[in-house]
Amino acid sequence: MRDETIREIEQFLYREARLLDDRKFHEWLELLTDDIRYWMPVRSNRYPVISKAISILDGSRYEEDELSKEGELAIMDEDKDSLTRRVQRLDTGMAWAEDPPSRTRHFVSNVQLEPGANDSELNVYSNFIMYRTRAETEVDFYVGCREDVLRKVGGQWKVAYRKIVLDQTVLLAKNVSNFF
Amino acid sequence: MLAEVNSLVDADNGLISTRIFAEPEIYQEELEQIFARCWLFLCHETQIPQPGDFMTTYMGEDPVLVARDRSGNINAFLNICRHRGNRLCRAESGNAAAFICAYHGWAYGNDGGLQAVPNLQDAYYSELDTNKWGLIPVAQLDSYKGLIFATFDASAPPLLDYLGDVTWYLDFFFDRREGGVEVVGGMHKWILPANWKMPSENFCGDGYHTAWSHLSATTTGFGGEFRSKPSGEGKVISTGNGHCIVALGAEDQTDPSVPVILAYEAEIKQEVEKRLGDRINLVKPHAGTIFPNFSILRSIARTFRVWQPRGPGHTEIQAGVFVDKAAPPEVKEAFRIQAIRGFGPSGGFEQDDMDNWQGCSESGRGFISKRQRLNIAMGKGHESYDEKLSGWASDYRISENNHRNYYRRWGQMMSAANWSEL
Ligand code: FES
Ligand SMILES: [Fe+2]
């Protein structure tokens with residue numbers, strides 16, 4: 001991967017994070033393709049197959065992957081329309097989880113690029129920390145990684161796919177009312 | 001047993017004390033008087049369908065392991081090793097013939113029996129009676145239409161008596177079609193900084209908050225055109241033993257107005273009518289709480305949730321999504337998506353509830369605010385026993401009738417020394 005491509009993608013991700021922290025959600029939506037899939041699966045505690053804490057009865061049924069699969073429950077499973085409605089909801093003045101609003105700071109790091117499925121796409125991996133404070137003393141850390149597909153549309157990079165993996169099983173925050 | 005319960009709950013006058021959401025002493029009494037005695041929801045059968053399948057959950061603050069043994073029977077045990085008390089199974093789900101404690105290696109079968117103890121011959125001189133040191137089972141376990149409940153109280157009435165007249169309403173959620181429902185893989189689990197009764201009472205009867213609390217979600221289409229044209233009909237219904245149901249008018253549209261869902265509901269309407277009987281022409285149940293902490297919802301999202309107590313000020317929410325087993329895949333998928341977008345930690349509806357419940361729950365902290373009585377008097381006197389609905393039903397669709405009956409039961413459970421007093 002060429003250095004300037006890496007720089008370009010990093011700058012794209014930082015700009016995206018800044019829009020979110022500045023609560024410019026409509027501008028953020030413009031960075032997403034119309035066919036985006038935006039997915040945050042749930043995660044659960046499981047023993048790996050090699051664990052000696054259990055002896056497995058039916059190996060054919062055993063699932064050691066912590067992440068929920070396609071078609072299972074997720075924290076978010078969105079398309080452009082539903083993300084747009086989430087943003088519209090914030091505009092009503094009655095989205096109580098964000099009224100008063102969260103103060104967020106997105107940190108994006110460990111950016112890695114791989115060739116995508118075609119010439120106009122890149123697979124982009126990154127880690128994130130999203131620090132949120134709200135009201136008087138509420139503090140939450142959302143930490144995890146993202147697997148993105150970025151696509152060049154009309155000379156502009158856009159997010160066409162985003163899988164967000166949170167590093168928590170029981171979510172310690174009372175809600176997920178921000179974007180990643 | 002709580003002596004001063006009358007100063008905390010005055011259901012007849014529609015008054016409750018803020019202290020019940022905040023005080024550690026009251027919370028400790030709840031663990032004993034309510035969570036150690038009532039039938040509590042564990043999981044749905046379809047979450048552990050095959051021999052060896054297991055899940056871990058909680059009954060109150062007691063960790064519980066629910067497992068299907070080799071012959072397919074479902075058992076539940078304290079998830080605590082009998083030796084030194086280590087947490088036995090740390091996984092949320094899986095499939096196992098045996099569970100082996102990480103501390104010294106005691107091994108238990110999925111039927112709870114103690115199968116192996118390291119150094120049994122030499123260090124224990126074979127003097128440990130392994131038959132006596134199996135996992136501690138729940139006192140009673142039973143299921144209703146796939147819903148598995150258990151109690152740690154051997155003297156608790158049978159599950160069917162405990163549920164009483166709420167069973168028909170449970171059928172409306174979980175048994176509308178042959179085969180009942182299945183639970184979508186995975187669960188939402190998160191921590192709510194509020195007392196466990198706050199969400200329980202909300203689901204038990206708070207049809208009042210929806211219009212204001214959730215206006216942002218309804219106007220931006222999170223529930224489809226949910227209740228865009230309410231008939232004005234509906235009731236909040238208390239069927240006894242603290243179990244409460246919220247219902248709209250029989251013709252009200254409570255499903256998400258997603259075409260595939262609406263078409264499905266229209267298609268199965270007659271079949272459901274035949275299965276559930278005439279009562280479905282009187283009301284359309286859409287939310288409820290089975291006392292003490294199991295809540296159900298079937299408008300916007302088809303979901304159940306257990307409000308696991310975590311101290312007076314916190315609750316671990318454990319929520320699952322269910323669909324009719326007989327529904328076609330595209331209908332199941334549509335319900336899954338609606339549930340994720342409407343409910344759960346990111347749900348357009350539920351993320352706002354968290355904030356409000358937290359705010360209400362914190363009202364019992366201050367010295368002066370502790371003296372306050374909160375108001376659950378709405379519609380007091382405007383309710384009557386309705387034979388056709390098998391419960392105390394409000395005259396109007398919005399009422400705090402259920403709140404009063406829920407907290408009345410709470411008071412009874414907190415003060416009664418045994419089940420015969422209830
Ligand atoms: S605590 Fe479980 S084997 Fe010792
Ligand atoms: Fe709500």
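Which residues point one way from E14(B), and which the other way? His188(B), Trp190(B) and Leu192(B) take one side, while Lys189(B) and Ile191(B) take the other.

## About the model

Welcome to this structure, which is a predicted model: local features need pLDDT of at least 70, side-chain atom pairs count only at pLDDT 80 or more, and totals for chains, interfaces and linings use all residues. Residues are numbered from 1 along each chain as its sequence is written, chains are lettered from A and ligands numbered from 1 in the order in which they are written, and side-chain values use heavy atoms, with hydrogens and water left out.

## Strand E14 of chain B

E14(B) covers residues 188-192; helices (H or I, at least four residues) and strands (E, at least two) are DSSP runs, numbered from the N terminus. In a regular strand the side chains alternate between the two faces of the sheet. In E14(B), 5 of its 5 residues are buried, where buried means under 20% relative accessible area, exposed over 50%, and partly exposed in between (1.4 Å probe, protein chains only).

E14(B) runs antiparallel to E21(B), and 5 bridges join them; two strands pair if DSSP finds at least two bridges between them. Within that pairing, Ile191(B) has Glu316(B) as its bridge partner.

## Where chains A and B meet

Next comes the interface. Here 44 residues of chain A are in contact with 55 residues of chain B, contact being heavy atoms within 4.5 Å. The two chains bury about 4100 Å² between them, 54% of it on carbon and sulfur atoms. Buried area is the accessible area (1.4 Å probe) that two parts lose on being put together, summed over both. On the chain B side, Asn95(B), Arg341(B) and Gln351(B) lose the most area to chain A, together 14% of what that side buries.

Arg341(B) also forms a salt bridge with Glu78(A), side chain to side chain (3.8 Å, N to O). The interface has 7 salt bridges, each a side-chain nitrogen of Lys or Arg within 4 Å of a carboxyl oxygen of Asp or Glu.

## Two histidines in loops

His214(B) sits in the loop between H6 and H7 of chain B and counts as buried because its relative accessibility is 3%. Its side chain makes a polar contact with the side chain of His209(B) (3.0 Å), and another of 3.0 Å joins it to the side chain of Asp353(B). Not counting residues up to four places away in sequence, His214(B) touches Phe349(B) as well as His209(B) and Asp353(B).

His382(B) lies in the loop between E22 (373-375) and E23 (383-386) of chain B. At 48% relative accessibility, His382(B) counts as partly exposed. Leaving aside neighbours within four places in sequence, His382(B) is in contact with Ser394(B) and Asp395(B).

How values were computed. Polar contact = N/O pair within 3.5 Å; in protein donor to acceptor, adjacent residues only side chain to side chain.
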